[in-house]
Amino acid sequence: MKACSEAAGRYPSNYNAWSHRIWVIQNLAKDNKKVFLDELSSMKYWVSMHVSDHSGFHYRQFLLKSLVEDPGCVLDKTASALQSTSNEHCGSLPKEEASAEIQRTVVPDLFDEELELCTDLIESYPGHETLWCHRRYVFFLWHHWNHKQGSPLNSRDRQLDNSSSATTGGKSAQAMDVDGMMDPNKQVYTQETKRLKRGPLQGCQGLPTEHRFITKTLTDCRSTEQARFANAYQKWLDSVLGQ
């Protein structure tokens, strides 16, 4: 895994390095989904430092899809790490019902965090097509998972906090090296700091929330590339997923 990380950092969009990392996870981690969750968490910083590297985001897509397709493995310590409150409730349920309850809470939280990551990076580093492609994949996966659960995409109970889409103005003393370039105007990406300013995660709200995110992006952005990607994403939402 260390060799994969070094190769990926040395050569941008290193397909071979990331493919080998996937092979290692598939063959050595097997049913240990805690490894998948640890990878998903630990790779946040890497992708935030390489926002144009599609291969790194493809690896996150592989991890997320693997977890979503096999939620029954996200139990015990894994589930308690993600959703301790729900596990207290699940403790009094039969095993099958507990597994279903965890699936209904843990999996949406995975999507919540990934879309939050997308939002933070798109706002912090406008004009990177890789970030918009990743958001498209995550939302498409969420759409199909939610449909498979028999729940309409817009039926989540959580209320949208208007502050969740607010642009944060947090300052940091250290500039970030994005794709090997130092820019003193860039702020260091820290998802937890931004989340403190925005409030707690509010949950995947479906198409209306995505349209609000696009509208805000188009209103605030000064980058022509960012506007182009936002418009393309909106067209994709309307044509592929519908209203």
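User: Quick one to start: how many aromatic pairs does the count come to?

Analyst: The count comes to 11 aromatic pairs, and please keep in mind throughout that this is a predicted model.

User: Take W18 and W46, then. Is that pair stacked or edge-to-face?

Analyst: The ring centres of W18 and W46 lie 4.9 Å apart and their planes stand at 75°, which is over the 60 degrees needed, so this pair is edge-to-face. W18 belongs to helix 2, residues 15–29, while W46 belongs to helix 3, residues 33–49, so the pair ties together parts that are 28 residues apart in sequence.

User: And are those two buried or exposed?

Analyst: W18 has a relative accessibility of 5% and counts as buried, and W46, with a relative accessible area of 13%, is buried as well.

User: What about Y233 and W236, how are their rings arranged?

Analyst: Their ring centres are 5.8 Å apart and the planes make an angle of 15°, so Y233 and W236 form a stacked pair. Both residues sit in helix 11, which covers residues 224–241, and because they are three residues apart there, about one helical turn separates them. Y233 is buried at a relative accessible area of 1%, and W236 counts as buried too, at 12% relative accessibility.

User: Back to W18 and W46. Which cluster do ring pairs link them into?

Analyst: Ring pairs link W18 and W46 into a cluster with F36, Y59 and F62. One of these rings, that of F36, also has K33 lying over its face, at 4.1 Å from the ring centre.

User: Where does the charged end of R135 sit?

Analyst: The charged end of R135 is placed over the ring of F213, at 3.9 Å from the centre of that ring.

User: Changing topic: how do helix 3 and helix 4 pack?

Analyst: Helix 3 packs against helix 4, residues 54–69, at an angle of about 155°, and their axes are 10 Å apart. That angle is over 145 degrees, which makes helix 3 roughly antiparallel to helix 4. The crossing of helix 3 past helix 4 is left-handed.

User: Which residues make that contact?

Analyst: On the helix 3 side the residues in contact include K33, F36, L40, M43 and W46, and on the helix 4 side they include G56, Y59, F62, L63 and L67.

User: Where does N14 lie, and what is it in contact with?

Analyst: N14 lies in the loop between helix 1, residues 2–10, and helix 2, and at 14% relative accessibility it counts as buried. If neighbours within four places in sequence are left aside, N14 is in contact with A7, A8 and S55.

User: And D220, where is that one found?

Analyst: D220 is found in helix 10, residues 207–220, and it counts as partly exposed at 42% relative accessibility. The C-alpha atoms of D220 and E123 are separated by 9.4 Å, although these residues are 97 residues apart along the chain.

User: Let's zoom out. How many helices and strands are there in the chain?

Analyst: The chain has 11 helices and two strands, and from the N terminus on the elements run α-α-α-α-α-α-α-α-β-β-α-α-α.

User: What share of the chain is made up of buried residues?

Analyst: Of the 243 residues in the chain, 46% are buried. As for contacts between residues at least 6 apart in sequence, 70% of them join residues at least 24 apart.

Conventions:
Residues are numbered from 1 along each chain as its sequence is written. This is a predicted model: local features need pLDDT of at least 70, side-chain atom pairs count only at pLDDT 80 or more; totals for chains, interfaces and linings use all residues. Side-chain values use heavy atoms; hydrogens and water are left out. Rings of Phe, Tyr and Trp (its six-membered ring) pair if their centres lie within 6.5 Å; planes under 30 degrees apart count as stacked, over 60 as edge-to-face and the rest as tilted. Helices (H or I, at least four residues) and strands (E, at least two) are DSSP runs, numbered from the N terminus. Buried means under 20% relative accessible area, exposed over 50%, partly exposed in between (1.4 Å probe, protein chains only). A charge sits over a ring if NZ of Lys or CZ of Arg is within 6 Å of the ring centre and within 35 degrees of the ring normal. Axes are lines fitted to C-alpha atoms, for helices over the stretch in contact, and angles run from 0 to 180 degrees between N-to-C directions. Angles under 35 degrees count as roughly parallel, over 145 as roughly antiparallel, 65 to 115 as roughly perpendicular and the rest as oblique. A crossing is left-handed if the near helix is turned anticlockwise from the far one by less than a right angle, and right-handed if clockwise. Contact means heavy atoms within 4.5 Å.
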